[in-house]
Amino acid sequence: PRSVPKLIAGLRKIGVPPERLEWHGHNDLHKVQVNAATAWLFGCCAANAAILGVGERTGNPPLESLVIEHAQIKGINKKVNYAAITKLAEYCRKELDFEIPENYPLVGKDFNVTRAGIHADGLLKNEEIYNCFDTNNLLGRPVGVAITDKAGLAGIKHWIEARYDVEIPKHDPRVAKVKD
């Protein structure tokens with residue numbers, strides 16, 4: 001996996017044009033995504049992918065993840081409907097009876113839900129501290145906080161404010177009572 005830059009750069013150096021290079025990787029060593037992105041960065045025109053990374057043996061790069069990766073590398077393209085990623089996952093769940101792990105990146109039920117009070121506190125101060133991109137704007141998936149014994153005052157405050165049209169101080173006695 002560490003030779004992807006050398007491999008693609010070498011092919012480019014001997015004159016193979018980008019449009020003739022196509023990356024096909026598997027997730028044998030948890031590097032399927034980074035290898036596809038690296039191939040792009042070093043001059044490969046295309047990367048094979050599969051919906052939700054499903055594929056032979058260990059799987060191919062997840063299509064939905066490559067779409068977001070491309071946006072991170074090249075910038076958001078107004079012609080791309082990124083929210084279709086969420087709709088695609090819903091289709092796979094409902095129509096194909098595909099079980100998506102709750103913590104699966106981008107489409108899992110809890111991919112952008114925190115249970116940690118310190119993360120909830122970061123969300124309250126500036127969502128960018130915790131969330132790497134605006135998941136609500138791009139995917140139609142607002143960041144969330146789950147209430148557990150680790151949520152703390154900040155988690156409870158965030159949870160309340162996300163569900164009700166109210167601003168409540170973190171140290172409000174009612175928030176402390178819920179925490180206790």
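**View 1. Gly10 in helix α1.** Gly10 sits in helix α1, which spans residues 4-13. Helices (H or I, at least four residues) and strands (E, at least two) are DSSP runs, numbered from the N terminus. At 29% relative accessibility, Gly10 counts as partly exposed. Buried means under 20% relative accessible area, exposed means over 50%, and partly exposed lies in between (1.4 Å probe, protein chains only). Gly10 and Phe42 are 32 residues apart along the chain, and their C-alpha atoms are separated by 9.6 Å. This is a predicted model, in which local features need pLDDT of at least 70 and side-chain atom pairs count only at pLDDT 80 or more, while totals for chains, interfaces and linings use all residues. Residues are numbered from 1 along each chain as its sequence is written, and side-chain values use heavy atoms, with hydrogens and water left out.

**View 2. Packing of α1 with α2.** The axes of α1 and α2 cross at roughly 30° and come within 9 Å. Axes are lines fitted to C-alpha atoms, for helices over the stretch in contact, and angles run from 0 to 180 degrees between N-to-C directions. α1 and α2 are therefore roughly parallel to each other. Angles under 35 degrees count as roughly parallel, over 145 as roughly antiparallel, 65 to 115 as roughly perpendicular and the rest as oblique. The crossing of these two helices, α1 and α2, is right-handed. A crossing is right-handed if the near helix is turned clockwise from the far one by less than a right angle, and left-handed if anticlockwise. From α1, Val4, Pro5 and Ile8 meet Asn35, Thr38 and Ala39 of α2. The residues of this contact of α1 with α2 divide into four nonpolar, two polar and no charged. Here Ala, Val, Leu, Ile, Met, Phe, Trp, Tyr, Cys and Pro count as nonpolar, Asp, Glu, Lys and Arg as charged, and the others, Gly among them, as polar. Contact means heavy atoms within 4.5 Å.

**View 3. Packing of α2 with α3.** Helix α2 (residues 32-41) packs against helix α3 (residues 63-74) at an angle of about 40°, and their axes are 11 Å apart. α2 and α3 are therefore oblique to each other. α2 passes α3 in a right-handed crossing. On the α2 side, Gln33, Ala36, Ala37, Trp40 and Leu41 take part, and they meet Ser65, Leu66, Glu69, His70 and Ile73 in α3. This contact of α2 with α3 comprises six nonpolar, three polar and one charged residue.

View 4. Leu52 lies in the loop between β2 (46-47) and α3. Leu52 is not a glycine, yet has a positive phi of about 60°. With 9% relative accessibility, Leu52 counts as buried. Gly53 is placed in the loop between β2 and α3 and is buried, with a relative accessible area of 13%. Gly53 touches Gly59, Asn60, Pro61, Pro62, Glu64 and Tyr104, not counting residues up to four places away in sequence. Gly53 and Leu66 are 13 residues apart along the chain, with their C-alpha atoms separated by 10.0 Å.

**View 5. The nonpolar cores.** A nonpolar core is a set of buried Ala, Val, Leu, Ile, Met, Phe, Trp, Tyr and Cys residues joined through side-chain atoms within 4.5 Å. The largest nonpolar core has 15 residues, of which Ile68, Leu106, Val107 and Leu139 touch the most other members. Two or more residues of this core come from each of α3, α4 (84-95) and α7 (135-139). α4 gives the most to this core, with three residues. Leu139 touches Ile68, Tyr82, Ala83, Ile85, Thr86, Leu106, Phe111 and Phe133, not counting residues up to four places away in sequence. A second, separate core of nine residues includes Val4, Ile8, Cys44 and Ala47.

**View 6. Asp97 in the loop between α4 and β3.** Asp97 is found in the loop that lies between α4 and β3 (113-114). Asp97 is a residue other than glycine with a positive phi, near 55°. Asp97 is exposed, with a relative accessible area of 70%.

**View 7. Trp159 in helix α8.** Trp159 belongs to helix α8 (residues 152-163). Trp159 is partly exposed, with a relative accessible area of 28%. Trp159 touches Val145, Ile147 and Tyr164, not counting residues up to four places away in sequence. Trp159 and Thr148 are 11 residues apart in sequence and 11 Å apart in space, C-alpha to C-alpha.
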